[in-house]
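This briefing goes through one protein model by topic. Please read it with the structure open.

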Amino acid sequence: MMKNMGMIDRGGRLIIAAALVYLALVAGVIGGVLFWIALAVAAVFTLTAFVGNCPLYRIVGLKTCRDC
């Protein structure tokens with residue numbers, strides 16, 4: 001699987017994922033259905049950040065990685 005995400009993009013996704021998990025679990029700001037949506041989005045962002053490949057980027061034809 002080819003990488004299509006740069007390091008800044010990957011780091012940004014991890015920061016956003018951590019913020020969503022914090023808001024959902026620790027702060028208790030998000031409740032109900034939004035709680036589960038926030039956790040799902042955080043899981044997807046974390047997975048794509050570690051893999052370095054975003055399926056949506058492939059569909060759109062976007063690459064944020066210089067070496068790809």
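The model is predicted. Its protein has three helices and zero strands, and the order along the sequence is α-α-α. One salt bridge and one aromatic pair are found.

**Overall fold**

- The C-alpha trace extends over about 40 × 20 × 15 Å along the principal axes of the protein.
- The protein has 68 residues, and 26% of them count as buried.
- Taking contacts between residues at least 6 apart in sequence, 71% connect residues at least 24 apart.
- The protein has an accessible surface of about 4800 Å². Carbon and sulfur atoms account for 75% of that surface.

- Side chains of opposite charge can pair when their charged atoms come close.
- In this model, Asp-9 and Arg-13 form a salt bridge through their side chains, with an N to O distance of 3.6 Å.
- The count of salt bridges is one.
- Asp-9 belongs to helix H1. Because Asp-9 and Arg-13 are four residues apart in helix H1, about one helical turn separates them.
- For Asp-9 the relative accessibility is 18%, so it falls under the 20% limit for a buried residue.
- Leaving aside residues up to four places away in sequence, Asp-9 touches Tyr-57 and Thr-64.
- Tyr-57 also faces Arg-13: the charged end of Arg-13 sits over the Tyr-57 ring, 5.3 Å from its centre.
- Arg-13 lies over the face of Phe-45 as well, at 5.0 Å from the centre of that ring.
- Arg-13 therefore takes part in the salt bridge with Asp-9, and its charge sits over the rings of Phe-45 and Tyr-57, each within the 6 Å limit for a charge over a ring.

**The aromatic pair**

- A pair of aromatic rings is described by the distance of the centres and the angle of the planes.
- The search of the whole structure gives one such pair.
- Phe-35 and Trp-36 make up this pair, with ring centres 4.9 Å apart and planes at 85 degrees. The pair is edge-to-face because its angle is over 60 degrees.
- Phe-35 has a relative accessible area of 17% and is buried, whereas Trp-36, with 59%, is exposed.

**A nonpolar surface patch**

- Val-21, Tyr-22, Leu-23, Leu-25, Val-26 and Val-29 make up a nonpolar patch on the surface. Together these residues have about 560 Å² of accessible area.
- Tyr-22, one of the patch residues, is located in helix H1, which covers residues 7-26.
- Tyr-22 has a relative accessibility of 47% and counts as partly exposed. This value lies between the 20% and 50% limits, which is why Tyr-22 is neither buried nor exposed.

**After helix H3**

- Gly-61 is in the segment that follows helix H3 (55-60).
- The relative accessible area of Gly-61 is 62%, so this residue is exposed, the limit being over 50%.
- Gly-61 and Asn-4 are 57 residues apart along the chain, with 9.3 Å between their C-alpha atoms.

Methods:
Residues numbered from 1 in each chain as written. Predicted model: local features only at pLDDT ≥ 70, side-chain atom pairs only at ≥ 80, totals over all residues. Heavy atoms only, no water. Helix = DSSP H or I, 4+ residues; strand = E, 2+ residues; numbered from the N terminus. Buried < 20%, exposed > 50% of the residue type's maximum accessible area, 1.4 Å probe, protein only. Contact = heavy atoms within 4.5 Å. Areas by Shrake-Rupley, 256 points an atom, 1.4 Å probe, with all protein chains shown as cover. Phe/Tyr/Trp six-rings, centres within 6.5 Å; stacked < 30°, edge-to-face > 60°. Lys NZ or Arg CZ within 6 Å of the ring centre and 35° of its normal. Patch = residues over 30% accessible without salt bridge, like charges linked within 9 Å, V, L, I, M, F, W, Y side chains within 5 Å. Salt bridge = Lys/Arg side-chain N within 4 Å of Asp/Glu carboxyl O.
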